[in-house]
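Trainee: I've got a model open and would like to go through it with you. Can we take it one question at a time?

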Amino acid sequence: MRQSQLFTKARREAPADEVSKNAQLLVRAGYVHKEMAGVYSYLPLGLRVLTKIENIIRNAMDAIGGQEIRMATLHPSENWKATGGWDAVDVLFKLQSRTEKEYALGQSEEEIVTPITAEFVQSYKELPVAIYQIGQKYRDELRAKSGIMRGREFGMKDMYSFHETQEDFERFYEIVKQAYLTAYTEAGLTAKVTEASGGAFSEKLSYEFMVLTDAGEDDIVYCEHCTHCANIEVAKEKEGDVCSKCSKGNLKAARASEVGNVFDLGQKYPKAFSFTFKDKEGKDQHPIVGCYGFGTTRLMGVIVEKLSDEKGLVWPEAVAPFAYHLVSLGHDGDEVSKAADALYSDLVKAGVEVLYDDRDLRAGEKFAESDLLGVPKRIVVGKEAVTTGEFEVVDRATGVMVKQSRETLLG
Ligand code: ATP
Ligand code: MG
């Protein structure tokens with residue numbers, strides 16, 4: 001894409017109304033636009049990043065047999081009244097129509113996915129089934145100061161699985177946990193898994209996926225010698241305690257952000273909607289339900305918090321809006337701009353994702369903006385490139401520069 005045609009522009013100054021680093025940088029760089037506290041629109045560059053994150057988790061869910069659907073986000077209040085959520089869920093946005101009818105905005109989708117599944121599943125032969133979607137969630141959060149990490153409207157991948165037996169659920173629970181860990185690694189982060197109470201949903205154990213960052217809102221303790229990790233809010237353990245899992249070290253305290261959460265929901269929702277299937281003996285049973293949330297927009301915010309530096313955003317390759325930022329130092333159709341134009345069209349033809357700064361601006365201004373946008377590799381086309389045929393390629397994260405020929409760049 002030619003930057004001269006990109007309708008968004010980077011700003012020189014950070015927005016005055018943002019306190020979090022992720023929102024300051026993302027707004028400044030033109031990735032997102034703030035509509036009000038906790039509500040953001042995703043602009044071309046931001047949407048490219050979000051779509052890559054969504055595709056990482058989409059592929060991970062498809063690989064373990066998840067079937068993608070798109071559920072309604074405007075929900076009938078009857079479904080929420082059937083489960084008790086209408087009164088019990090404090091973050092639920094409730095709407096009243098001019099016809100007096102009431103609705104809820106989806107904050108999670110058990111109330112929708114359970115009746116849908118009940119309509120199609122009648123026998124144990126049709127179980128297990130795992131259904132997921134990627135989309136918007138709405139929550140009436142009290143505080144929204146963490147930029148895109150805590151929205152009142154935000155992105156989530158939520159999957160729901162239905163099982164014949166508890167054992168079958170446990171089997172799948174473990175598969176999803178592993179798939180999540182791989183997905184976070186793919187997105188450029190390391191997540192730790194905590195054991196936590198099921199919160200509003202159930203008394204059973206749930207697992208939270210935590211990424212260490214001071215920008216998070218959770219306090220955890222973790223062991224450096226093994227994978228043990230616990231949320232202070234629910235754990236009996238505290239900083240300094242000997243690890244209850246490996247006994248090798250003392251627990252360390254850290255701030256973390258919850259980027260995912262998986263739950264054992266038991267039979268609560270099938271019971272509320274009278275969802276039964278015939279088991280092997282022909283008896284009616286309620287399925288066991290699992291629920292798996294993955295915060296797509298929060299994850300994007302956490303990546304910014306963890307990887308950006310004083311110059312701006314730094315994207316890991318897997319979620320970067322473009323692989324290369326091609327910066328031309330040419331002017332008005334001179335030799336240098338012709339060389340940059342030619343390299344740009346070759347890269348596009350080769351299927352490389354490239355943002356091309358073809359604007360007639362000072363080099364310093366272009367480099368500063370390129371650093372702010374955070375594309376992993378910058379190719380500089382200046383006079384030297386025209387004479388030698390070698391291009392300077394600078395790594396955004398490390399600043400390391402190498403010279404590469406056109407052939408190497410085109411792979
Ligand atoms: P939190 O404790 O941070 O409020 P939660 O436990 O209420 O989150 P879940 O219901 O478990 O959230 O939702 C699944 C995932 O969705 C979370 O792990 C998180 O990554 C993401 N998420 C939840 N609430 C928000 C929000 N307000 N803004 C952005 N992402 C969110
Ligand atoms: Mg949670």
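**A walk through the model**

Trainee: Is E100 buried or exposed?
Mentor: E100 has a relative accessible area of 60%. Buried means under 20%, exposed over 50% and partly exposed in between, with a 1.4 Å probe and protein chains only. Because 60% is over the limit, E100 counts as exposed.

Trainee: What are the ground rules for these values?
Mentor: Residues are numbered from 1 along each chain as its sequence is written, chains are lettered from A and ligands numbered from 1 in the order in which they are written, and side-chain values use heavy atoms, without hydrogens and water. This is a predicted model: totals for chains, interfaces and linings use all residues, side-chain atom pairs count only at pLDDT 80 or more, and local features need pLDDT of at least 70.

Trainee: Back to E100, then. Where does it lie?
Mentor: E100 isn't a glycine, yet its phi is positive, about 80°. Helices (H or I, at least four residues) and strands (E, at least two) are DSSP runs, numbered from the N terminus. E100 sits in the loop between β5 (94–96) and β6 (102–105).

Trainee: D332 also has a positive phi. Is D332 buried or exposed?
Mentor: D332 is another non-glycine, with phi of about 40°, in the loop between β17 and α9 (335–349). With a relative accessible area of 73%, D332 is exposed.

Trainee: Which peptide bond is cis, the one from L127 to what?
Mentor: Look in the loop between α5 (110–120) and β7 (129–138), where P128 lies. Omega is near 0° for the bond that runs from L127 to P128.

Trainee: Let's zoom out. How many helices and strands does the protein chain have?
Mentor: The C-alpha trace spans about 80 × 60 × 45 Å along its principal axes, and 51% of the 411 residues count as buried. By DSSP runs, the chain has twelve helices and 21 strands.

Trainee: Which residues touch V211, sequence neighbours aside?
Mentor: V211 is in strand β10 and buried at 1% relative accessibility. Its C-alpha is 4.8 Å from that of A191, 20 residues apart along the chain. Contact means heavy atoms within 4.5 Å. Beyond four places in sequence, V211 is in contact with L189, T190, A191, R255, A256, S257, V259, V302 and K306.

Trainee: What do the buried residues of α10 pack against?
Mentor: Helix α10 covers residues 363–373, and K366, E369, S370, D371, L372 and L373 are its buried ones. After α10 comes G374, with a positive phi near 80°. The buried residues pack against α1 (21–28), α2 (44–63), β17 (324–328), β18 (354–357) and β19 (377–381).

Trainee: Which element gives the largest share of the second largest pocket's lining?
Mentor: That pocket holds about 610 Å³ and is lined by 27 residues, with V193, T194, E195, T227 and C229 nearest its centre. Two or more residues each come from α6 (166–186), β9 (192–197), β10 (205–212) and β12 (229–231). The largest share, six residues, is from β9.

Trainee: Which protein donors does the magnesium ion (ligand 2) have?
Mentor: Donors are N, O and S atoms within 2.8 Å of the metal (3.2 Å for Na, K and Ca); water is not among the atoms, so sites may look incomplete. N261 counts as buried, at 11% relative accessibility. At 2.2 to 2.3 Å from the ion, the protein donors are E258 (OE) and N261 (OD1).

Note on methods
1 Å grid on protein atoms, 1.4 Å probe; cavity = no way out; pocket = protein on both sides within 12 Å on 5 of 7 lines; lining within 4 Å. Points joined across faces, edges and corners; volume = space filled by probe spheres on them.
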